[in-house]
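Let's take a walk through a protein model together. Have a look at it first, and then we'll go through it piece by piece.

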Amino acid sequence: MRLTRAGQALSSALLLSVASAQSQPASIDDYIWYGCRTEATSTRALNSYSYADDGMTLETCHDFCSAKGTTYFGTEYGRECYCGSKFQSGSVSAPASDCNQACAGDSSEYCGAGNRLSVYVLNGTDTSTATSTITSTAAPIPVATNFPTGWSAQGCWQDGPNGRILPTYEAPDNDNLTPQSCAQLCDSMNYTVSGTEYYRQCFCGNAIYNGGVRGKDDSMCNTPCSGDSDVNCGGAGYLTIYSKGTPQTYQPPVVQTGGLNGTWTYQGCYNDNLNNARTLPWQLIFPGTLTATTCLHQCAQFGYAAAGLEYGEECYCGDPGDFTTAGSTKQPETDCNIACAGNASAICGGGSRLSTYFWTGSTPLYVFHYPQGNNAGTYSNLVGGVVTPLMTMQSITGKVTFLEKWGTGAANSTGAYELDLSQTGNFSRAWRTMHLKTDVFCSAGVILPDKAGRQLTVGGWSLDSTYGVRLYTPDGSPGVPGVNDWEENVSVLKLQRGRWYPSAMVMTNGSVLVVGGEIGSNDKAEPTLELLPTAGPYLYMDWLARTDPNNLYPFLAVLPGGGIFVGYWNEARILNEVTFATTKVLPNMPGSVINPLSGRTYPLEGASVLLPQIAPYTDPLGVLMCGGSTEGGGQALDNCVSIYPEAANPTWTLERMPSKRVMACMAPLPDGTYLIANGAKQGVAGFGLADDPNLNALLYDPTKPVGQRISVMANTTVARLYHSEAITLLDGRVLITGSDPEDGKHPQEIRVEVFTPPYLYSGKPRPTFTITNKDWSYGGKITVTLAAVPTGTIKASLLGAVSSTHGNSMGARTLFPAVSCVATVCTVTAPPNKYISPPGWYQFYILQDGIPAVGQYVRIGGDPGKLGNWPAGSDFTRPGV
């Protein structure tokens with residue numbers, strides 16, 4: 001876990017302990033409570049400036065509007081802030097009790113509600129003429145006697161039958177108004193059309209909208225200007241127009257139905273904000289620029305098949321089913337009557353009304369599959385637990401290591417335990433107690449390529465733990481307890497730099513690369529990398545320093561072309577394996593439709609795996625990342641992204657998931673699919689910083705078309721939040737463990753579950769095999785003997801030995817080597833080189849018609865770094881080379 005710095009606390013976490021008494025404070029700094037107001041008619045009540053944030057408080061809205069110099073600020077829907085110096089037409093007072101929605105970032109205060117604004121006014125303001133004469137801090141209207149160069153009179157125009165004909169900008173009322181001063185103001189703001197109306201009103205724009213028509217004469221513009229009674233400034237419902245050149249005119253706006261390339265279809269005008277909830281969940285605001293095309297393109301980019309436009313500049317994305325869920329229904333078309341801010345000839349919704357479009361393109365944006373019964377797999381309890389692990393790994397003996405941070409479990413917990421899967425029916429024999437000397441809290445782990453398959457963890461929580469280098473040599477066998485324990489002596493063996501939240505990876509030369517982290521105890525970044533065994537100095541990486549703290553537990557992988565892939569926050573790059581200099585900067589990852597700064601690594605934690613490599617290994621290697629969260633607001637992501645880093649022009653491909661997920665875990669399966677499990681639908685990683693557990697498993701099948709690869713699988717009843725894991729076992733099931741949210745709501749979870757994939761319920765024969773050569777050379781021919789003549793298609797697969805923590809399956813890799821069989825004798829061709837298959841231990845499977853046999857561990861590529869002779873000293877066991 002990483003403690004959250006001041007100012008970074010997740011707003012939704014505050015909702016876990018709602019204050020006993022909410023309030024509407026009498027004042028926020030120099031602004032005082034004005035009252036609860038409704039929205040205006042066909043526009044926002046306060047329409048000068050706005051923003052939305054899942055960390056919204058009255059104070060942050062105050063700071064935003066105060067900096068803009070506006071007289072009023074108002075909050076709405078708990079997360080939206082609006083600023084202005086007067087209320088637009090139609091906004092009226094509402095009972096204070098109507099403003100009853102808690103602020104997203106401070107649940108002890110109210111931030112409006114649906115169609116209700118909690119409004120504060122600058123102390124000392126005269127509010128008696130709030131709807132028309134409030135003093136503005138906009139640029140002062142100049143005293144002008146001449147018109148700007150090139151401006152000329154255009155006559156008297158009728159205003160209003162179809163809406164304002166100059167709706168773009170309305171200046172504060174001016175008791176010294178003249179046509180010249182209005183034109184000068186508009187020109188200074190880069191507008192080309194000015195209009196004066198009813199003594200003291202000035203309007204600006206770049207065209208005349210809503211079907212404005214010039215009168216036959218000037219007789220209706222008959223009200224003297226407040227600043228010069230000898231000339232007229234429009235009249236009741238009429239504007240005196242001046243412009244730079246002949247003004248362009250537009251007819252009243254209509255719904256855009258053309259120019260959508262057959263991909264979207266207009267559905268009608270639907271109501272929004274029922275029960276203080278948005279119909280579509282994702283909001284984007286395009287001040288002055290919104291068009292239907294802009295909104296629909298943005299929604300489609302992120303896989304959303306429903307889009308809604310509202311208030312002329314607001315875009316909402318979601319799914320067609322959201323309308324049914326929200327109870328939203330079609331309303332009269334006349335209710336959607338606001339022109340798009342970026343296209344005055346088109347309609348973009350109305351007040352609490354959505355101009356609604358559904359995706360109807362020939363290719364669906366996504367297709368989710370919903371297998372039933374055992375075809376969806378099953379969750380089941382495996383054994384009674386003794387520990388809440390933050391890291392798990394299956395050793396080459398078949399047993400599973402569980403590592404726990406200090407202070408998590410029982411007072412007498414030792415922090416390390418080993419589970420014998422052959423003894424799950426006998427609790428006392430299933431678990432073996434082991435011991436750690438320092439705290440593995442948020443350390444990294446790998447399985448070494450030495451002949452003993454030793455387990456290595458590095459880094460930790462604080463002090464000596466951050467420098468910790470811990471080794472365990474697995475021993476014993478199924479049913480036979482081992483005697484070895486974790487070995488460590490920080491005085492003899494330690495990292496060069498203390499690290500909390502680092503990542504580790506076995507390199508092609510057999511050494512271990514350790515990357516990033518922080519110096520411990522929620523402290524500053526450690527933007528360096530180093531090698532074990534120690535070789536040369538640690539190296540500073542500017543990209544790690546720049547992206548702290550959103551780059552922790554970066555995703556690492558050896559690439560077939562010889563480089564090292566690194567994915568961190570929303571960035572990725574390829575490093576030279578010798579110098580660690582950057583050889584290629586990859587495009588930034590797509591994130592959330594509402595936030596490009598969303599991320600995939602801790603604390604915005606998603607999960608990552610490598611896509612299958614299939615003999616003859618000529619295709620580029622793909623990287624898949626699923627889930628994550630937004631910076632600040634903690635909106636969990638509902639998508640996966642993938643890239644082929646070594647392609648000529650690599651780009652990220654985005655695919656929707658059926659639900660949001662942060663703190664996801666991904667487990668590669670023997671058949672080349674991937675189980676996605678665990679996590680939450682809201683928040684970020686850390687203690688008490690996420691909620692709404694995602695109990696649903698997903699299966700990702702890369703052999704299916706993009707956008708159609710995800711199946712919705714079985715549900716668990718156990719919340720698996722922060723510090724949960726998923727690893728694939730040799731028997732083809734997935735071990736599901738952990739959860740240490742420390743939120744006062746969900747327990748520290750010691751229950752141990754397994755997910756049984758549907759291939760084990762197929763009813764087809766499950767193959768069995770024997771293999772004598774378990775130490776493979778690159779390109780070697782390996783003989784495998786089947787127990788029976790195959791009755792279906794035979795394949796072989798290899799899964800890299802994994803250490804799982806924080807959604808980072810260090811060592812994960814999936815390969816399908818070439819295999820041929822004659823009767824019961826099969827020949828498997830080992831991967832050709834260290835870049836396709838870095839040296840180390842792999843789970844080896846034979847599959848028949850997609851059904852895996854129980855796997856066995858094999859080693860590929862030996863121990864090129866001679867780690868079997870490392871480290872020196874009597875404190876450590878060395879298995880030899």
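In which sense do strand β38 and β39 pair, and over how many bridges? Strand β38 (residues 564-568) pairs with β39 in the antiparallel sense, over five bridges. Before going on, a word on what you're looking at: this is a predicted model, where local features need pLDDT of at least 70 and side-chain atom pairs count only at pLDDT 80 or more, while totals for chains, interfaces and linings use all residues. Residues are numbered from 1 along each chain as its sequence is written, and side-chain values use heavy atoms, with hydrogens and water left out.

**A strand with two partners**

Strands (E, at least two residues) and helices (H or I, at least four) are DSSP runs, numbered from the N terminus, and two strands pair if DSSP finds at least two bridges between them. Buried means under 20% relative accessible area, exposed means over 50%, and partly exposed is in between (1.4 Å probe, protein chains only).

Back to β39 (residues 571-575): five of its five residues are buried, so the strand is largely enclosed by the rest of the structure. In a regular strand the side chains alternate between the two faces of the sheet. Here, Glu 571, Arg 573 and Leu 575 point one way, while Ala 572 and Ile 574 point the other way.

On one side, β38 and β39 make a hairpin with two residues between them, and Trp 569 in the turn has a positive phi of about 50 degrees. Phe 565 stands opposite Ile 574. β39 also runs antiparallel to strand β40 (residues 582-585), joined to it by three bridges. Ile 574 has Lys 584 as its bridge partner in β40. This second hairpin has six residues between the strands, and its Phe 580 takes a positive phi near 65 degrees.

**The nonpolar cores**

In soluble globular proteins, nonpolar side chains tend to be buried together. A nonpolar core is a set of buried Ala, Val, Leu, Ile, Met, Phe, Trp, Tyr and Cys residues joined through side-chain atoms within 4.5 Å. The largest one in this model has 49 residues, and Val 458 and Val 512 have the most contacts inside it. Six strands each supply at least two residues of this core: β26 (391-394), β30 (444-447), β31 (455-458), β32 (469-472), β33 (503-506) and β34 (512-515). Apart from it lies another core, of 41 residues, with Leu 284, Cys 336, Phe 555 and Leu 654 among them.

Let's zoom in on Cys 336. It's in the loop between β21 (330-331) and β22 (339-340), and it is buried, with a relative accessible area of 6%. Counting contact as heavy atoms within 4.5 Å, and leaving out residues up to four places away in sequence, Cys 336 touches several residues, including Cys 269, Ile 347 and Leu 354.

**Charges tucked inside**

How many salt bridges does a search of the whole structure find? It finds 27. A salt bridge is a side-chain nitrogen of Lys or Arg within 4 Å of a carboxyl oxygen of Asp or Glu. Here are some of them:

| Pair | Closest N and O atoms |
|---|---|
| Glu 418 and Arg 432 | 3.3 Å |
| Arg 499 and Glu 530 | 3.1 Å |

Arg 499 is in the loop between β32 and β33 and Glu 530 in strand β35 (residues 528-532), 31 residues apart. Both Arg 499 and Glu 530 are buried. Arg 44 and Glu 76 are buried as well, and they belong to a network of salt bridges that also links Glu 39 and Glu 314.

Now for a charged residue without such a bridge. Glu 725, in strand β52 (residues 724-728), is buried yet has no salt bridge, and the nearest side chain of opposite charge, Arg 720, is 6.8 Å away. (Lys and Arg count as positive and Asp and Glu as negative; His and the chain ends are not counted.) What Glu 725 does have is a polar contact of 2.7 Å between its side chain and that of Thr 737. A polar contact is a pair of N or O atoms within 3.5 Å; within protein, one must be able to donate a hydrogen and the other to accept it, and residues adjacent in sequence count only if both atoms are side-chain atoms.

Glu 488 has one too: its side chain meets that of Thr 438 in a polar contact of 2.4 Å. At 5% relative accessibility, Glu 488 also counts as buried.
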